[in-house]
Amino acid sequence: MKSVGLGAVVVIGAKNQGLSPSHVQSPNVSDVPEGSLLPEPMECVEVAGRSLVERSLERLAAVNLEAISVVVESAAFIPTLRTDCRNVEFRVASDLKTAIRQELSNYSQQGIEHAFVNWASVYVETDLLDLFSFHREAQQAATPTFDQQGPLALWVVDCAKAQHLPLEKLLRIAGQNAASEYFIREYVNRLDHPRDLRQFASDMLRGRCRTGPYGREVRPGVWLDEGAEIHRRARVVAPAYIGGGSKVRADALITRFSNIERDCCIDCGTAVEDSSVLANTSVGIWLDLCHAVVRENMLLNLERDVLIEILDSRVLRASGASRRFAPKTSERREVLEQISDLQETRQVLNAWQLGNNNLIQE
């Protein structure tokens with residue numbers, strides 16, 4: 001594909017992605033005065049093997065841009081890329097607006113006349129060349145985009161004109177004329193809430209967007225990444241995703257559009273339904289995890305919009321973390337024998353649904 005003389009500035013900025021944990025009284029749950037579900041911006045979180053930042057960069061690289069600058073508010077937010085995206089450079093800047101303006105000025109000096117500007121917390125699947133053609137034909141300093149829900153953080157700007165006026169003013173001027181805005185009909189995910197990560201995983205597994213899970217489709221609707229291990233007595237019901245290095249142990253069940261990210265463990269007898277288990281998370285034995293997003297020992301129940309911290313490491317913990325209440329070997333063997341006896345007829349009516357019950361029933 002021939003180069004069209006374009007650049008791109010992708011912005012990763014910190015914002016309040018987490019939720020304050022709710023006051024839930026339970027033997028295994030504690031009140032947490034501070035903290036959040038995610039330590040990094042949601043666009044940096046891997047979903048079905050890759051972050052939304054990487055997926056956005058891949059779409060930009062496919063247009064054969066001359067340069068792609070990723071402006072990051074903190075070095076801790078620089079994501080690990082699993083694919084090789086050409087001409088991508090990262091820059092850490094505390095003042096994002098000034099950094100964007102500087103990048104556009106650099107582009108202008110390099111002879112790059114126009115650039116996409118995309119806040120990475122908005123994932124958009126649209127024809128970027130068509131968007132650029134619309135912008136060029138309109139002969140305007142900036143072209144905003146919007147969908148049925150309203151404005152989107154994706155624009156095309158004239159790099160030379162952006163040197164003299166702040167981007168906000170350019171967009172405000174462009175927004176005064178509705179005919180100058182580009183309407184996007186394709187897939188959009190705004191990542192306003194951690195539930196949008198769950199929705200994105202579900203949309204990928206349902207084939208509702210162009211991007212897909214990273215790894216091999218070992219059978220229709222089931223994707224495994226490199227090093228994933230599924231016990232022969234475990235069940236994975238399509239569509240589902242199991243990340244690299246993750247383990248699904250005997251008699252476990254993964255179902256209803258669930259995604260298990262890299263280096264996770266779903267222990268014996270546990271069922272994961274309509275849930276996202278984020279990287280480096282271990283879920284204990286004989287549990288039902290339903291309608292939730294979990295990371296290490298934090299659990300967000302999507303039905304109640306409640307975030308809780310699980311203190312019992314037998315229930316939920318970071319992968320590789322020591323078990324604070326590790327059972328004796330004889331007790332564990334007895335539990336495993338009980339699970340093995342029940343593998344043919346799974347009884348879940350009285351099981352504790354992780355994140356779906358207010359109290360543990362005796």
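Start by selecting residues 292-295 and 298-301 in this predicted model. These are strands E26 and E27, and they pair in the antiparallel sense over 4 bridges. Zoom in on Val 294 and you'll find Leu 299 of E27 standing opposite. The two strands make a hairpin with 2 residues between them, and Glu 296 in that turn has a positive phi of about 55°.

Stay on E27 and show its side chains. Are they buried on one face or on both? Both faces are covered: Met 298 and Leu 300 are buried on one side, Leu 299 and Asn 301 on the other.

Next, jump to helix H3, residues 128-138. Color Leu 128, Leu 131, Phe 132 and His 135, which are buried. They sit on the same side of H3, because they cover an arc of only 100° around the axis. What lies over them? The cover includes helix H1 (52-61) and several strands, among them E1 (6-12), E7 (114-119) and E10 (150-158).

Take a look at both ends of H3 while you're here. At the start, a side-chain oxygen of Asp 127 comes within 3.2 Å of the backbone nitrogen of Leu 129. Just after the helix, Gln 139 has a positive phi of about 50°.

Now select Phe 116. Together with Leu 104, Phe 116 touches the most other members of the largest nonpolar core, which has 51 residues. Leaving aside neighbours within four places in sequence, the contacts of Phe 116 include Leu 128, Leu 131 and Phe 132, along with Leu 6, Val 9, Leu 60 and Trp 155. Apart from this core lies another, of 26 residues, including Ile 242, Leu 289, Val 306 and Ile 308.

For the last stop, bring up the open sheet of 5 strands, in the order E15-E18-E21-E24-E29, with mixed pairing. E15 (229-230) and E29 (316-318) stand at the edges with a single partner strand each, so one side of each has no neighbour in the sheet. E15 pairs with E18 (residues 247-248) in the parallel sense over 2 bridges. Finish on Ile 230, which stands opposite Val 248 in E18.

Methods. Residues numbered from 1 in each chain as written. Predicted model: local features only at pLDDT ≥ 70, side-chain atom pairs only at ≥ 80, totals over all residues. Heavy atoms only, no water. Buried < 20%, exposed > 50% of the residue type's maximum accessible area, 1.4 Å probe, protein only. Arc of directions from axis to C-beta. Contact = heavy atoms within 4.5 Å. Polar contact = N/O pair within 3.5 Å; in protein donor to acceptor, adjacent residues only side chain to side chain. Pairing = 2+ DSSP bridges. Core = buried A, V, L, I, M, F, W, Y, C linked by side-chain atoms within 4.5 Å.
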